[in-house]
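Subject: The structure I promised you

Hi,

Here is the structure I said I would pass on. Open it up, have a look around, and then read my notes below.

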Amino acid sequence: MIQNNSMLVDLTISKWGATLHDKKVSAEVETTHAATDAGRYNKRLIDKSHLAEINEIAGQMRKYHYARTYAWTDKGQRLLPSALFMEYRQDIAAFKAKFQKAVDDFLAKYPQLVQDARIRLGSMYEPSDYPQVSDLPAMFAVQLEIMPVPDGQDFRVDVAQETQDEIRQQITATGNARQAATVKECWGRVREVVGRIAEQCSKEKGRIHDSLMENAEDLVNVLSGLNITNDPELTAIEADIRALIVHPDAIRTSPTTRKRVADGAADILSKMNWSRR
């Protein structure tokens with residue numbers, strides 16, 4: 001059962017955007033051009049370069065999170081296989097520490113950055129646009145919530161038995177449908193990575209980026225954990241993908257290697273049951 005080998009995780013990353021709709025400037029632009037409801041001007045309160053590190057770490061964290069989880073609900077909850085939990089928790093903690101360090105560095109510079117904005121924004125500068133230093137830390141946060149996967153058999157509420165049975169069936173049916181969707185998503189990730197390898201390596205002079213093999217390595221490193229139904233086909237294909245991975249320079253410099261990798265990727269794609277993937 002998926003309830004025994006998976007959990008739900010909700011990762012929330014909060015950041016201060018440091019932008020603000022300037023109604024005055026927007027109105028001035030419309031007046032200048034005799035326009036109405038033509039748009040809005042958003043000004044950058046802080047030079048964006050000073051938030052670049054925070055944004056970069058947040059982006060990396062989200063990418064990591066999505067690569068190891070499956071979509072589950074529309075509210076942000078995603079399915080994390082138990083096999084990946086320990087590594088996931090440690091890595092998210094490391095990301096969180098890096099994020100907090102970047103935030104602390106930004107907060108230390110913030111008073112001076114506000115003063116710099118007086119010159120950078122000119123007449124658009126407005127002191128009331130800027131949060132107090134004491135309020136800023138709460139605007140940057142990383143929160144991870146972990147929950148069990150709902151199980152219809154655990155539903156116990158004081159309502160009529162018939163209603164309980166109906167709700168249990170609904171919970172079970174929803175869980176089964178979402179489990180099927182996660183299996184399809186897993187195969188979709190395989191198809192995307194392997195298909196890209198087949199496409200690029202089959203071109204005689206196609207550009208080979210390092211990311212081509214990096215993405216394949218990232219996938220196989222978590223594929224056994226993502227295989228929540230222990231699908232033997234997926235286990236076999238994992239080994240096939242590992243056999244494809246070579247240094248990108250070998251593909252760039254050796255036509256023989258390029259063809260071998262292209263043929264291997266095409267063979268993997270041919271093994272996939274496309275009607276179910």
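How many cavities of 30 Å³ or more does the structure hold? It holds one. Before I go on, a word on what you are looking at: this is a predicted model, so local features need pLDDT of at least 70, side-chain atom pairs count only at pLDDT 80 or more, and totals for chains, interfaces and linings use all residues. Residues are numbered from 1 along each chain as its sequence is written, and side-chain values use heavy atoms, with hydrogens and water left out.

**The cavity and the pocket**

Both are found on a 1 Å grid over the protein atoms alone: a cavity is a set of points where a 1.4 Å probe fits but cannot get out, while a pocket is an open set with protein on both sides within 12 Å along at least five of seven lines. Lining residues have an atom within 4 Å of a point. Grid points are joined across faces, edges and corners, and a volume is the space filled by probe spheres set on the points.

The largest cavity has a volume of about 50 Å³. Its lining includes Tyr-70, Cys-186, Trp-187 and Asp-231. Helix H5 (residues 161–201) gives the most to that lining, with four residues. (Helices, H or I with at least four residues, and strands, E with at least two, are DSSP runs numbered from the N terminus.)

The largest pocket holds about 570 Å³ of space. It is lined by 21 residues, and Lys-63, Val-193, Asn-215, Asp-218 and Leu-219 lie nearest its centre. Helix H3 (52–67), H5 and helix H6 (210–226) each supply at least two lining residues, with the largest share, seven residues, coming from H6.

**The overall build and the sheet**

The protein chain has nine helices and six strands. Of its 277 residues, 38% are buried, where buried means under 20% relative accessible area, exposed means over 50%, and partly exposed is in between (1.4 Å probe, protein chains only).

Four of the strands form an open antiparallel sheet in the order S4-S5-S1-S6. S4 and strand S6 (141–147) stand at the edges, each with a single partner strand, so one side of each is left without a neighbour in the sheet. Two strands count as paired if DSSP finds at least two bridges between them. A bit of background: strands of a sheet pair through backbone hydrogen bonds, either parallel or antiparallel.

Strand S1 (residues 6–14) pairs with S5 over four bridges, and Leu-8 stands opposite Leu-79 in S5. Strand S4 (residues 70–71) pairs with S5 over two bridges, with Ala-71 as the bridge partner of Arg-78. S4 and S5 form a hairpin with six residues between them, and Gly-76 in the turn has a positive phi of about 105 degrees. Both faces of S5 are covered: Arg-78 and Leu-80 on one side, and Leu-79 and Pro-81 on the other, are all buried.

**The core**

A nonpolar core is a set of buried Ala, Val, Leu, Ile, Met, Phe, Trp, Tyr and Cys residues joined through side-chain atoms within 4.5 Å. The largest one has 72 residues, and Phe-99, Phe-106 and Ile-241 touch the most other members. Helix H4 (residues 85–121) gives the most to this core, with 14 residues. Leaving aside neighbours within four places in sequence, Phe-106 is in contact (heavy atoms within 4.5 Å) with residues including Trp-16, His-50, Leu-113 and Phe-140.

Most residues other than glycine have a negative phi, and most peptide bonds are trans. Ala-18, in the loop between S1 and strand S2 (19–21), has a positive phi near 60 degrees. Asn-230, in the loop between H6 and helix H7 (232–244), has a positive phi near 55 degrees. Which is buried and which is exposed? Ala-18 is buried, with a relative accessible area of 2%, whereas Asn-230 is exposed, at 61%.

**And the cysteines**

Counting a disulfide as a pair of cysteine sulfur atoms within 2.5 Å, the total comes to zero. Cys-186 is buried, with a relative accessible area of 2%, and Cys-201 is buried too, at 3%.

Happy clicking!
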